[in-house]
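User: I'd like to go through this one with you, a few questions at a time. Ready when you are.

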Amino acid sequence: MHRSSQPGRAPVGIGWRQPHYAQLREQSPALAFLEVHSENFFAQGGAALQVLQGARADYPISLHGVGLSLGSAAGIDPWHLDQLAGLVERIEPMQVSDHASFARVPELHANDLLPVAFTRAGLGVMADNVQQVQERLRRPMLVENLSAYLGFADAELSEPEFFNALTLSTGCGLLLDVNNLVVNALNAGCDDAQAVRQSCDWIDAIRPGSVGEIHLAGHARLEHLVIDDHGSRVCPAVWQVYRHALQRFGRVPSLIEWDTDVPELSVLLDEVALAAECMAELQRPQEALA
Amino acid sequence: MSAAELQRQQAFVQAILGAGGAGLASVPGLQPVARDAIDGRQGLQAYRANAKALAGAPSRPPIRACWL
């Protein structure tokens with residue numbers, strides 16, 4: 001029996017990064033699932049894949065990609081999709097996800113998650129790409145909202161409208177990154193209270209039943225810019241918005257992400273306990289995607 | 001696929017790469033997320049700071065270096 005299938009366990013997991021590969025396998029902490037970056041396991045063999053396949057026996061695995069480039073008008077890289085499809089077949093993940101961003105243009109792959117225009121043309125591009133991925137993987141996927149530092153003046157849709165249309169037209173789900181909402185609001189000049197309010201409004205505009213997973217992470221506040229660096233504990237504003245999201249969407253599987261200056265595993269488990277506490281406050285049944 | 005979106009995305013990546021001195025003005029419709037908090041140059045710098053490995057990058061994605 002997977003640890004996640006134990007009754008009553010809050011569906012909270014962690015992003016499993018290399019510094020914790022061995023320790024997590026030795027200690028087997030009670031976690032609902034592990035999430036890894038798909039691209040780190042594209043090799044056809046080797047130690048990393050072996051570690052992941054070992055963990056697969058104890059935990060459900062969520063495959064979270066950073067390179068599909070779902071918003072790319074140049075389309076999906078067939079090599080990348082082939083590798084992902086192979087990994088999905090090997091691991092049989094509980095979830096497959098990537099971002100509402102683009103990186104791929106002809107001859108180049110930008111090593112970043114670049115923002116797409118919330119236009120009808122941009123929506124059409126992303127819907128076509130998501131459909132292609134889902135048809136290849138023969139399963140629905142989740143698409144994550146972005147932290148973005150630039151946008152486009154000719155947007156025809158709000159970001160929630162864009163996601164509502166995407167999830168309705170393709171059957172994919174939304175991977176709701178609460179930290180990204182708060183980062184975007186802070187970068188738009190909001191103070192913490194305004195950022196919470198704006199983020200909650202964003203959540204209220206999302207179609208219930210479309211959220212399949214939630215991400216929680218820390219961010220860095222620089223003098224003129226807030227960076228979504230996943231390098232610190234989840235801040236109070238993000239916890240506040242998370243509680244609101246749970247009230248709206250129910251006990252959606254949630255993840256603690258930490259990618260910069262990765263701390264001791266115990267710190268991540270503390271954060272998991274806090275997320276589980278938020279869930280325990282809830283009385284509502286789960287409304288998330290199955 | 002949309003030719004206009006493709007053109008926009010190519011210009012955006014070139015602006016980040018700094019190739020040919022193209023810059024922000026070459027990207028149709030690009031604007032700062034926040035006029036009051038960060039200007040377009042800072043937004044672009046935010047991406048450029050994360051794009052050191054971009055120049056000459058292959059069409060296949062390098063791993064683990066992006067903001068998520």
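Analyst: One term before we start: a polar contact is a pair of N or O atoms within 3.5 Å; within protein, one must be able to donate a hydrogen and the other to accept it, and residues adjacent in sequence count only if both atoms are side-chain atoms. Keep in mind that this is a predicted model, where local features need pLDDT of at least 70, side-chain atom pairs count only at pLDDT 80 or more, and totals for chains, interfaces and linings use all residues. Residues are numbered from 1 along each chain as its sequence is written, chains are lettered from A and ligands numbered from 1 in the order in which they are written, and side-chain values use heavy atoms, with hydrogens and water left out.

User: At the start of α7(A), which residue has a side-chain oxygen that reaches the backbone nitrogen of A193(A)?

Analyst: Helices (H or I, at least four residues) and strands (E, at least two) are DSSP runs, numbered from the N terminus. α7 of chain A covers residues 192–204. At its start, a side-chain oxygen comes within 3.2 Å of the backbone nitrogen of A193(A), and that oxygen belongs to D191(A).

User: Within what arc do the buried residues of α7(A) fall?

Analyst: Buried means under 20% relative accessible area, exposed over 50%, and partly exposed in between (1.4 Å probe, protein chains only). In α7(A) the buried residues are A195(A), V196(A), S199(A), C200(A), W202(A) and I203(A). The arc is taken from the directions from the helix axis to the C-beta atoms. Seen down the axis of α7(A), these residues line one face of the helix, because they fall within an arc of 155°.

User: And what do the buried residues of α7(A) pack against?

Analyst: Contact here means heavy atoms within 4.5 Å. The partners all come from chain A: α5 (159–170), β9 (173–177), α6 (178–187) and α8 (236–249).

User: What kind of pair do the rings of F42(A) and W79(A) make?

Analyst: Rings of Phe, Tyr and Trp (its six-membered ring) pair if their centres lie within 6.5 Å; planes under 30 degrees apart count as stacked, over 60 as edge-to-face and the rest as tilted. The whole structure has eight aromatic pairs over all chains. For F42(A) and W79(A), the centres are 6.2 Å apart and the planes at 75°, so the pair is edge-to-face.

User: How many residues apart are F42(A) and W79(A)?

Analyst: F42(A) is buried at a relative accessible area of 9%, while W79(A) is partly exposed at 33%. F42(A) is in the loop between β2 (34–37) and α2 (47–56) of chain A, and W79(A) is in helix α3 (residues 78–91), so the pair links distant parts of the chain. The separation is 37 residues.

User: Which residue has its charged end over the ring of F152(A)?

Analyst: A charge sits over a ring if NZ of Lys or CZ of Arg is within 6 Å of the ring centre and within 35 degrees of the ring normal. Over F152(A), 4.5 Å from the ring centre, is the charged end of R8(B).

User: Is S254(A) buried or exposed?

Analyst: S254(A) is found in strand β13 of chain A, and a polar atom of its side chain lies 2.8 Å from the backbone oxygen of V252(A). Among the residues that S254(A) touches are F33(A), Y242(A) and M279(A). Its relative accessible area is 0%, so S254(A) is buried.

User: H230(A) has a positive phi; near what value?

Analyst: H230(A) lies in the loop between β12 (226–227) and α8 of chain A. At 1% relative accessibility, H230(A) counts as buried. Phi is positive in this residue other than glycine, near 50°.

User: What share of chain B is buried?

Analyst: Chain B has two helices and one strand, running α-β-α from the N terminus on. Of its 68 residues, the buried ones make up 40%.

Terms used
Expected span 1.5 Å × (residues − 1). Lists of a residue's contacts leave out its neighbours within four places in sequence.
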